[in-house]
Amino acid sequence: MKIERLISRFDNSTEELLEEINIDNISIEVLKAIFKPSEEDPLMYNPHTITDIEADKLKNIINIQFDFNRFFYQLDCFRL
């Protein structure tokens with residue numbers, strides 16, 4: 001079983017999924033430090049909303065520009 005983690009970008013107005021950015025190069029330990037998952041979701045399988053706080057930390061790791069005026073973002077996890 002392979003796990004894939006993505007940053008999903010959605011349009012604020014239509015809620016349409018516009019882009020998925022693979023972030024498998026970021027370790028689960030780093031993601032846990034950024035998102036602080038609950039005890040019920042220690043491996044971060046559930047979606048996590050990305051706010052400006054998480055975005056600032058992610059920008060130091062990957063090359064991504066967040067525009068919260070136009071889009072909303074979430075961290076998603078899928079099993080392949």
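**Close-up views of a predicted model**

**View 1. Asn22 and its surroundings.** A polar contact of 3.0 Å joins the side chains of Asn22 and Glu4, a polar contact being a pair of N or O atoms within 3.5 Å, where within protein one must be able to donate a hydrogen and the other to accept it, and residues adjacent in sequence count only if both atoms are side-chain atoms. This is a predicted model, in which local features need pLDDT of at least 70 and side-chain atom pairs count only at pLDDT 80 or more, while totals for chains, interfaces and linings use all residues. Residues are numbered from 1 along each chain as its sequence is written, and side-chain values use heavy atoms, with hydrogens and water left out. Asn22 lies in strand 2 (residues 17-22); helices (H or I, at least four residues) and strands (E, at least two) are DSSP runs, numbered from the N terminus. Leaving aside neighbours within four places in sequence, Asn22 is in contact with Glu4, Arg5 and Leu6, contact meaning heavy atoms within 4.5 Å. The side chain of Asn22 also reaches the backbone nitrogen of Asp24 at 2.7 Å.

**View 2. The salt bridge between Asp24 and Lys2.** The side chains of Asp24 and Lys2 meet in a salt bridge (3.3 Å, N to O), that is, a side-chain nitrogen of Lys or Arg within 4 Å of a carboxyl oxygen of Asp or Glu. The pair links distant parts of the chain, with Asp24 in the loop between strand 2 and helix 1 and Lys2 in the segment before strand 1 (3-11), 22 residues apart.

**View 3. The salt bridge between Glu19 and Arg9.** Here the side chains of Glu19 and Arg9 meet at 3.0 Å, N to O, in a salt bridge. Glu19 lies in strand 2 and Arg9 in strand 1, so the pair ties together parts that are 10 residues apart in sequence. Arg9 is buried, with a relative accessible area of 18%, whereas Glu19, at 33%, is partly exposed; buried means under 20% relative accessible area, exposed over 50%, and partly exposed in between (1.4 Å probe, protein chains only).

**View 4. The salt bridge between Asp56 and Lys59.** In this salt bridge the closest N and O atoms of Asp56 and Lys59 are 3.4 Å apart. Because they are three residues apart in helix 2, Asp56 and Lys59 are separated by about one helical turn. Asp56 is partly exposed, with a relative accessible area of 43%, and Lys59 is likewise partly exposed, at 38%.
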